[in-house]
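Let's take a walk through this structure together, starting with one term and then looking at where it applies.

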Amino acid sequence: MSGYITSRVLYALGIICFALAAADFFRERHGAFAIEQTPLFYCLFGFAVYVAVIFIAKGLRRLTLRPEDFYGAEATDQEDERMAGTEEARNA
């Protein structure tokens, strides 16, 4: 049932996007710059910015990524995996 609903929502979203893109050809534009007079400018610009944000985030991830053992054994949220789920771990 979940896949059915997801596909219906995506189908509806596609129809809405297509209708809005088609409507862009029939409206009067009052942009401040000449490029804003181009049909579908805001669609293409928005998609380009979306892609740019994704690539910038991937680059920032490489800069800020820490190794798995960065905090060492003294980390307060570290769990002993050998005891996880055992009775001793629940009583500790």
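A salt bridge here means a side-chain nitrogen of Lys or Arg within 4 Å of a carboxyl oxygen of Asp or Glu. Before we use that, a word on what you're looking at: this is a predicted model, where local features need pLDDT of at least 70 and side-chain atom pairs count only at pLDDT 80 or more, while totals for chains, interfaces and linings use all residues. Residues are numbered from 1 along each chain as its sequence is written, and side-chain values use heavy atoms, with hydrogens and water left out.

Now, how many salt bridges does the structure hold? There are two. Arg-29 pairs with Asp-24, their closest N and O atoms lying 3.9 Å apart. Arg-27 also forms a salt bridge with Asp-24, and there the closest N and O atoms are 2.8 Å apart.

Asp-24 has 11% relative accessibility, so it counts as buried. Arg-29 is buried too. Arg-27 sits at 39%, so it counts as partly exposed.

Of the 92 residues in the protein, 5% are buried.

Terms used: Buried < 20%, exposed > 50% of the residue type's maximum accessible area, 1.4 Å probe, protein only.
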